[in-house]
Amino acid sequence: PVSLFRPSCGAAHPNQVKRNITCLSWQPSGGSNLAAAYSCLEWQKATADLSKDSYIWDIESPNKPRSVLKPTSQLVCLAYNPQDLNFLVSGSLNGQIMLWDPRAGQHPTTVSPLEKSHMDPVYEIIWLQSATETEAFSASTDGQILWWDVRQMSEPTERLMLDLSRKENPDNALGAISMAYSVTMPDTFIVGTEQGAVVYCNRAAETPAEKIVCTYDGHHGPVYAIQKNPFFSQNFLTVGDWGARIWSEDIKESSIMWTKHQTAYLTDACWSPVRPSLFFTVKMDGVLDIWDILFKQNDPTLSVKVRDEPLCCVQVHEAGSKVVSGSQLGVISLMEISKGLCTQQNNEQMLERETKREKILRAQKVRDEAGNMEESPKELILRPEYDFYNLLESEQRRKQWETRQRVKPR
């Protein structure tokens with residue numbers, strides 16, 4: 001199975017002092033450029049002469065960076081504009097937001113004022129789909145979500161404090177370290193926090209208190225990664241402590257699927273852009289795991305020992321055929337994915353089925369708590385399973401009937 005992945009190159013950090021790769025962003029529209037943010041998040045280890053540079057690599061030429069980004073503070077996150085492949089936006093260690101056009105040189109074209117920016121490191125920044133294609137929003141451990149128009153970054157256009165008491169108290173705000181957004185639902189987004197909670201937000205709500213809709217609790221430590229499924233936007237993936245979880249927005253009590261506890265801490269995860277049932281995770285032991293929940297839920301379909309040092313981030317190319325991981329020592333490893341793992345299968349509706357199954361189980365629990373004990377305990381245990389499989393059978397019969405109707409002769 002190891003031959004399914006062929007390491008094709010490694011891009012090493014060019015400075016003598018090694019820094020973590022904290023974020024990776026592929027150039028959109030099938031581009032070969034890969035932007036990488038390098039930073040030392042442990043300020044105790046930072047020295048006065050520590051480099052602040054980050055780099056853009058060309059995967060066809062890994063021995064030398066294609067472009068150098070020279071920020072005023074180390075970059076923690078960055079993202080290519082999905083509508084304009086020449087622009088990047090980044091969040092830095094000191095809380096500032098920076099806009100980049102590598103064609104214009106090595107320095108940012110626009111920088112947000114320090115006093116109007118985040119007060120802590122910016123761990124996530126995402127471009128918004130908008131008419132102007134110039135809007136982005138950022139998340140930080142200062143408990144704020146800030147919206148920006150990169151044409152004028154003198155101050156954010158909007159703020160949201162992640163205070164679950166809805167009182168907008170900075171002292172009670174949860175620190176944000178990951179965030180997810182879907183273009184199919186542009187007003188809603190989800191935030192992973194240092195405290196282990198996932199916060200579901202609606203930007204279109206009238207008041208700041210109403211913008212915090214609900215929370216999902218399933219991790220005991222920081223939620224290091226969160227991402228919506230590119231095919232089923234109501235499902236999202238989270239990574240925290242020793243496992244990964246898959247959620248449905250409709251079910252707040254628990255996740256619909258989860259991995260068993262791993263032997264090493266998970267640090268990042270991402271969905272495949274071409275297969276709805278496939279996702280990737282990276283761990284502190286240097287291993288990249290590939291999970292295909294269509295065929296196996298308890299264990300990874302494939303595990304690859306990429307580096308001896310911890311892996312910090314992972315990102316899949318939009319074509320689904322390449323995956324990159326960044327390590328604690330500043331090394332990028334590029335791997336090629338086999339066709340079997342990047343070709344969509346005929347039946348990849350597992351997330352939808354699991355969501356329906358979880359709803360049936362929740363409904364059964366509500367009935368039981370209401371005192372519906374007319375059935376025997378054994379019947380109560382087995383009935384949710386019967387209901388679930390009856391639902392699958394009815395769906396299958398309906399699809400067969402529709403197929404016969406389409407091929408029925410006139």
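Residues are numbered from 1 along each chain as its sequence is written. Because the model is predicted, local features need pLDDT of at least 70 and side-chain atom pairs count only at pLDDT 80 or more, whereas totals for chains, interfaces and linings use all residues; side-chain values use heavy atoms, with hydrogens and water left out.

Strands (E, at least two residues) are DSSP runs numbered from the N terminus, and two of them pair if DSSP finds at least two bridges between them. An open sheet is formed by four strands in the order E14-E15-E16-E17, with antiparallel pairing. Strand E14 (176-182) and strand E17 (212-217) are at the edges; each has a single partner strand, so one side of each lacks a neighbour in the sheet. From one strand to the next, the twist averages 20°, with axes taken as lines fitted to C-alpha atoms and angles running from 0 to 180 degrees between N-to-C directions. Six bridges connect E14 and strand E15 (residues 185-193) in the antiparallel sense. Within this pairing, Ala180 has Ile190 as its bridge partner in E15.

A further open sheet of four strands is ordered E22-E23-E24-E25, and its pairing is antiparallel. The edge positions are taken by strand E22 (266-271) and strand E25 (302-305), each with a single partner strand, so one side of each has no neighbour in the sheet. The twist in this sheet averages 15° from one strand to the next. Strand E24 (residues 287-292) runs antiparallel to E25 and is joined to E25 by four bridges. Leu302 in E25 is the bridge partner of Ile290.

Strands E26 and E27 run antiparallel and are joined by five bridges. Gln315 has Val324 as its bridge partner in E27. The hairpin of E26 and E27 has five residues between the strands, and Gly320 in this hairpin takes a positive phi near 80°. Five of the six residues of strand E26 (residues 311-316) are buried, which leaves the strand mostly covered; buried denotes under 20% relative accessible area, exposed over 50%, and partly exposed in between (1.4 Å probe, protein chains only).

Ser325 is located in strand E27 (residues 322-327) and is buried, its relative accessible area being 0%. Contacts (heavy atoms within 4.5 Å) of Ser325, not counting residues up to four places away in sequence, are made with Leu24, Val282, Val306, Leu311, Cys313, Val314, Val331, Ile332, Ser333 and Met335. Ser325 and Val306 are 19 residues apart along the chain, and their C-alpha atoms are separated by 8.4 Å. Ser67 counts as buried because its relative accessibility is 18%. Apart from neighbours within four places in sequence, Ser67 contacts Ser54, Tyr55, Ile56 and Pro102.

The largest nonpolar core contains 24 residues, among which Leu75, Leu78, Ile97 and Trp127 touch the most other members. Such a core is a set of buried Ala, Val, Leu, Ile, Met, Phe, Trp, Tyr and Cys residues joined through side-chain atoms within 4.5 Å. At least two residues of this core are supplied by each of strand E3 (33-39), strand E6 (75-81), strand E7 (84-92), strand E8 (97-100), strand E10 (122-127) and strand E12 (144-149). E6 provides the largest share, five residues. Beyond neighbours within four places in sequence, Leu75 is in contact with residues including Ala37, Leu69, Met98 and Trp100.

The whole structure contains 13 aromatic pairs. Rings of Phe, Tyr and Trp (its six-membered ring) pair if their centres lie within 6.5 Å; planes under 30 degrees apart count as stacked, over 60 as edge-to-face and the rest as tilted. Tyr55 and Trp57 form a tilted pair, with 6.2 Å centre to centre and 50° between the planes. Tyr55 is buried at a relative accessible area of 5%, and Trp57 is buried at 3%. The pair of Phe236 and Trp247 is stacked, at 6.1 Å centre to centre and 5° between the planes. This pair links distant parts of the chain, 11 residues apart, with Phe236 in strand E19 (residues 235-240) and Trp247 in strand E20 (residues 243-248). Both Phe236 and Trp247 are buried.
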